[in-house]
Structure formats: C-alpha cells, structure tokens
Amino acid sequence: MYVKDFVYDDKLASDYGLAICHVNSENSMNISMGSNIEIETVKQNDTQQNLLIKSNYTEVLSVTFDVIKINCKNENDYELSANEIEFIMKWLNRKEMKIFQPIYENGDYSDIYYKGTFTNIQALSIQGKIIGMTLTFTSDSSYGYTDAFFDYELSTNDEIEIYVDSSENGYIYPHLDIDILESGTFSLQVKFEEKVLSNIEIKNCIANEHLTIDSKYKYITTDNQEHRSTLPNDFNYDWVSLESSISNSLNQISTNLPCIIKATYTLPRKVGILV
C-alpha cells in the first residue's frame, strides 16, 4: 500500500510540489495503531481473578514521515525557498486541529480521515540546502473517522434498518433532520438486539414542520414559529443513539407519523495512520 499524496485542511501536498517519502529509512517500520489501553482492576475476594472497573485508551494516533520538493519541469530545482518553507510552516504547523487524509495509490481507506495538527516539523538539509521536511502529525484520538449518513422517507408506523459499521463497540450519536409530513405527536424509537436505545416523543408537531435534533451536542430546533415557543416542553429529551457491538451492527428505527429522516454521524475507524 503506497501513499502518493495527502490532504490537510483541504489542500493537497502535491499542489505545492511536495512528495511523501522516507529519507534514509529501512524497507519496514513500526506504525502506531493507537491500541494501547490502560486498565484499572480490583481483586475479588477469595479468587485469583481481578474485576475490570475502568479502561481507557492511553495514546492518540501519531505518525512521522518526510516530504521533499519535486519539480517535474526542472529536476535541478529541488531546494525549498524561504517563501516555500514559510508557507509549509503556516499551512501545517498551527495551534488548531484540521482534517488530515492520506491518499493511497490503490484507493484503500479513501473514506477515512483524521483530525489533528503537525506538532513537529524539522528541515531536511543536504549540503546546506533544505530539500524537504520531516513532519510529525498528531491526531486528536486513538482512531480515525468515517462520515456516514442515511436518508429515508417513512410512512405511518414504518420501520427501517440501519447498519452501524464502526470499529469501536459502543454508542454513536447522530445529527437528525426530520420533515414531519402529518400533524400530531411524533415518536421515534431505536432498538438494538431487542433493547430500546431511544424513545423520542415530540408533542404538537405540525405538518411540513422541519425538526433538527443533534444528539451529540444535545439540542433541538424547529423551523415552525408557532411550535418554537412550546418545543422545550413538548420534547421528552430522550436523545437518539445508535449502537454497534463485536457481533452485531443492526439498528431498527421506527416512527409513528409519516416523515423524511436524514441523519449524519461519524464512525470510529481503528486502522492507524498508514504512511
């Protein structure tokens, strides 16, 4: 699997004459997968077993690689100018997290991205000329991300099935845009392995009303001026969640009123940063 380019903050490295490489490296290397887990246990009485009470990932993803200047029109132009160096530093080395995405020659992992910044940048110098940079990217998490969505129109008392293909067991909290097509009390239920995850109820909905529900950041809004003043009391504040386990990713979503549901959410992807 060969990395041919990367995107950071919507800018391609190749657009600025930079190519990924590993200067003076061996053919193989160790790549952090963000897999270190710290566990806390307590000894059970009269047994040789310890009971797990807490576990957390102890590292974020990080990768170090080199970039060099490539000028296809002039192979002798391999030295980075002062202006080029300043631009690279301004683009990559900043006190904010932006999206980083390696681009592979065979198209693998094309839907996976990472959030972070380049926490260390060092110049590659040969005979007094700076020909490239050694870059260290540090992410905000122990895994990457893939954006997912679904868009369905449901009739009265209808049900849909959603597969949550996450690399991490646990809950996902989607952002929902719902167009209510019939007036009444709107209910939405999510079930996973016969367990009810969410059971939303919103009273006094009006036909053609548009609702926005963000379960991650815990807010709900409506575009209907009449309903806006009573919505805080009409909503039961049971936010929507989806779930994935090692053996199952099927979630069942049912509604009582006809509606159109559009959902976006982010899935953890535990693949490391392969550069």
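Let's start in the sheet: E10 and E20 run antiparallel and are joined by 11 bridges, where strands are DSSP runs (E, at least two residues, numbered from the N terminus) and two strands pair if DSSP finds at least two bridges between them. In this pairing, Glu153 stands opposite Ile260 in E20. E20 has another antiparallel partner in strand E13 (residues 175–180), to which 6 bridges join it; here Ile178 stands opposite Ile261 in E20.

A word on what you are looking at: this is a predicted model, in which local features need pLDDT of at least 70 and side-chain atom pairs count only at pLDDT 80 or more, while totals for chains, interfaces and linings use all residues. Residues are numbered from 1 along each chain as its sequence is written, and side-chain values use heavy atoms, with hydrogens and water left out.

Stepping back, the protein has 3 helices and 20 strands, helices being DSSP runs of H or I with at least four residues. Of its 275 residues, 38% count as buried, meaning under 20% relative accessible area with a 1.4 Å probe, protein chains only. Among contacts (heavy atoms within 4.5 Å) with a separation of 6 or more, 71% are between residues 24 or more positions apart.

On a 1 Å grid over the protein atoms alone, a pocket is an open set of points with protein on both sides within 12 Å along at least five of seven lines, whereas a cavity is a set where a 1.4 Å probe fits but cannot get out; lining residues have an atom within 4 Å of a point.

The largest pocket has a volume of about 500 Å³, volume being the space filled by probe spheres set on grid points joined across faces, edges and corners. Its lining has 24 residues, and Ile172, Tyr173, Lys216, Thr266 and Leu267 lie nearest its centre. Strands E10 (144–154), E12 (170–172) and E20 (259–269) each give two or more residues to this lining, with the largest share, 5 residues, coming from E20.

Key: Buried means under 20% relative accessible area, exposed over 50%, partly exposed in between (1.4 Å probe, protein chains only).
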